[in-house]
Amino acid sequence: SKQGYLQQRKRLNSEIFSSLNDEYLMDFYNSGEAELWNGYLLLTIDGSKAEVPNSKENRACFGAMTNQYTETGQVRAMVSGIYDILNGFYLGIEIAHISNSEGELAKQNLQHLKSMGIKQPVLVIFDRGYPSLELIDFLEKEGLRYIFRLASNDYRSERNKMRSSDEIITLAHTEPRLRKIRTTHPERYEYMRAKVETTTRLITCKLSADKNLTLITNLFSQFTKEQLQELYYQRWEIEKKYHTLKNKIKFESVTGKATIYVYQDFQAQMLVYNMVQDIRRCADSEVRKTGDEKRLKYPVRANENI
């Protein structure tokens, strides 16, 4: 019966889908087929709020978002994905309470990436809201390259001292900046305090008369600021893929109200997405050959909806 089937599903560990996803992807990444950017695997991490069934168990596990129209609010989970921009695969997702920090979930994504055993050098692109001193230090300790976009108020003191639009700067580990680390990661507070400062590269690009794009990176000299600016814009791919997950694969259409079903469905749909992307890559390769033979003006791609 339907009820019996759902009861049996409660006994299935959702991590099986994450494990299958890792195995599936490592066949690809160990094959030498992966497309790289100047020798780097180009990844991006971003979070998104996902609607989950409204049940007492889910409300306790994931929390709810309230507004002026409702006191109870809609139950939503925070989902953080790590996405391969050039190859189109999700390497993993983290599912957590709506109040969880996106920076902490990003670190969990990167630790999962490490456990997969990917051998290619990694460059991770982040949007505004991520560039904390603690996360920057975490990335450097893990040997990862990064590009962060800064919000207008981030590291204003150091930005005001710049004489050009592309400089190597030091971010001071001041007490106000370390205050949050002292609360959330007391074991790292003393280390960060003793370190005194972090060296990074800061780039400012003019977008319009009153708007700038400001990036920080530990790619110090081998790439121009124009190259890094263009690279940052590729981060938008993860926004488009969240749209695919939610509106085409129906990521949020969870098949039951129990919390275990949320974890099962989200992880299973991630595996399905990657299988679809694998098929699509092959289809794109075939239609590209056809387009080249016919000397078409614009590149041909497979229809993602189909």
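A salt bridge here is a side-chain nitrogen of Lys or Arg within 4 Å of a carboxyl oxygen of Asp or Glu. The model is predicted, so local features need pLDDT of at least 70 and side-chain atom pairs count only at pLDDT 80 or more, while totals for chains, interfaces and linings use all residues. Residues are numbered from 1 along each chain as its sequence is written, and side-chain values use heavy atoms, with hydrogens and water left out.

**Stop 1: R201 and D166**

Select R201 and D166. They form a salt bridge, with the closest N and O atoms 2.8 Å apart. R201 sits in strand β8 (residues 197-208) and D166 in strand β7 (residues 166-172), so the pair ties together parts that are 35 residues apart in sequence. Helices (H or I, at least four residues) and strands (E, at least two) are DSSP runs, numbered from the N terminus.

Now colour by accessibility. Buried means under 20% relative accessible area, exposed over 50%, and partly exposed in between, with a 1.4 Å probe and protein chains only. R201 is buried at 3%. D166 is partly exposed at 31%.

**Stop 2: other salt bridges**

Go to R182 and E175. Their side chains meet in a salt bridge, 3.7 Å from N to O. R182 is partly exposed at 49%, and E175 is partly exposed at 34%.

Next, select helix α11 (residues 259-294). It holds both K289 and E286, 3 residues apart, about one turn of the helix. These two form a salt bridge, with the closest N and O atoms 3.7 Å apart. K289 is partly exposed, at 46%. E286 is partly exposed, with a relative accessibility of 46%.

Then show E104, K107, E134, D137, E140, R188 and K195 together. Salt bridges that share partners join these residues into one network. The count of salt bridges comes to 17.

**Stop 3: the largest pocket**

Switch to a surface view. Rolling a probe the size of a water molecule over the atoms shows where empty space is left. A pocket is found on a 1 Å grid over the protein atoms alone: an open set of points where a 1.4 Å probe fits, with protein on both sides within 12 Å along at least five of seven lines; lining residues have an atom within 4 Å of a point. Grid points are joined across faces, edges and corners, and a volume is the space filled by probe spheres set on the points.

Select L86, Q277, R280, D284 and R301. Of the 24 residues that line the largest pocket, these lie nearest its centre. The pocket holds about 660 Å³ of space. The largest share, 7 residues, comes from α11.

Colour the lining by class. Ala, Val, Leu, Ile, Met, Phe, Trp, Tyr, Cys and Pro count as nonpolar, Asp, Glu, Lys and Arg as charged, and the others, Gly among them, as polar. The largest pocket has 6 nonpolar, 7 polar and 11 charged lining residues.

**Stop 4: the second largest pocket**

Move to G129, Y130, P131, S132 and K180. They lie nearest the centre of the second largest pocket, which is lined by 21 residues. About 560 Å³ of space lies there. Helices α4 (102-116), α5 (133-141) and α7 (175-184) give two or more residues to this lining. By class it divides into 6 nonpolar, 7 polar and 8 charged.

**Stop 5: cysteines**

Finish with C61 and C205. C61 is partly exposed at 27%, whereas C205 is buried at 3%. A disulfide is a pair of cysteine sulfur atoms within 2.5 Å. The count of disulfides is 0.
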